[in-house]
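Visitor: Could you walk me through this model and show me how to read its main features?
Guide: Gladly; let us look at the fold and then at some side chains.

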Amino acid sequence: MMRAMKWNFSMVTLLLILGFSSCNNKEEEEPDYRDKWLGTYQCEEYLSVWRMTVDSLGNFGDTTIYYQYQNTVQITAKGDSILQFFVKRNNSSYEAVVRSSGSFTRPPTSYGDLGIGGNFVGDSLYMYISYPHGHASSSSSSFEGKKVKN
């Protein structure tokens with residue numbers, strides 16, 4: 001009988017120790033490295049549009065037109081390494097893979113495809129978007145902006 005009590009006491013003690021130790025070993029979630037870049041950025045957008053031209057004599061030339069806008073870019077996280085950039089002026093979203101260094105990219109997958117690149121420096125955003133285009137035209141935007149303090 002004494003032996004059974006010692007064994008029961010040992011088992012209860014062991015279960016209590018395991019129970020308490022498992023409660024204290026909750027894994028701390030590591031913060032997402034992208035969190036510091038999420039939010040709204042007030043940006044200057046510089047848009048350039050290039051078009052090939054042909055005059056009435058069949059001579060080729062080209063024209064480039066430049067535009068400047070005040071713009072807002074909203075950045076959110078998606079998946080485990082993607083940032084989504086919502087550009088207010090054209091009401092469009094773009095995605096890019098971001099590294100822990102702050103550089104991000106989405107290279108074009110084919111001729112005329114969308115491409116995005118850039119980086120974060122402190123509370124600043126520097127981004128370049130090459131828009132899809134045809135064989136006789138192209139357009140791109142560069143953004144420089146500061147994060148809006150909440």
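Guide: What follows is a short tour of a predicted model.

Visitor: How many strands make up the barrel, and how do they pair?
Guide: The barrel is closed and has 8 strands, running from β1 through to β8 with antiparallel pairing. From one strand to the next, the twist averages 25°.

Visitor: Is Asn-71 buried or exposed?
Guide: Buried means under 20% relative accessible area. Asn-71 counts as buried because its relative accessibility is 2%. This residue lies in strand β2, and its side chain makes a polar contact of 2.7 Å with that of Glu-45. The Asn-71 side chain also reaches the backbone nitrogen of Arg-89, at 3.1 Å.

Visitor: Which residue forms a salt bridge with Arg-89?
Guide: Glu-45 does, with the closest N and O atoms 2.7 Å apart. Arg-89 sits in the loop between β3 and β4 and Glu-45 in strand β1, so the pair ties together parts 44 residues apart in sequence. Glu-45 is buried, at 0% relative accessible area, while Arg-89 is partly exposed, at 33%.

Visitor: Which residues do salt bridges with shared partners join into one network?
Guide: Start with Lys-146 and Asp-123, whose closest N and O atoms are 3.4 Å apart in a salt bridge. Lys-146 is in strand β8 and Asp-123 in the loop between β6 and β7, 23 residues apart. Shared partners join Asp-123, Lys-146 and Lys-149 into one network.

Technical notes. Residues numbered from 1 in each chain as written. Predicted model: local features only at pLDDT ≥ 70, side-chain atom pairs only at ≥ 80, totals over all residues. Heavy atoms only, no water. Pairing = 2+ DSSP bridges. Helix = DSSP H or I, 4+ residues; strand = E, 2+ residues; numbered from the N terminus. Axes fitted to C-alpha atoms, helices over the stretch in contact; angles between N-to-C directions. Buried < 20%, exposed > 50% of the residue type's maximum accessible area, 1.4 Å probe, protein only. Polar contact = N/O pair within 3.5 Å; in protein donor to acceptor, adjacent residues only side chain to side chain. Salt bridge = Lys/Arg side-chain N within 4 Å of Asp/Glu carboxyl O.
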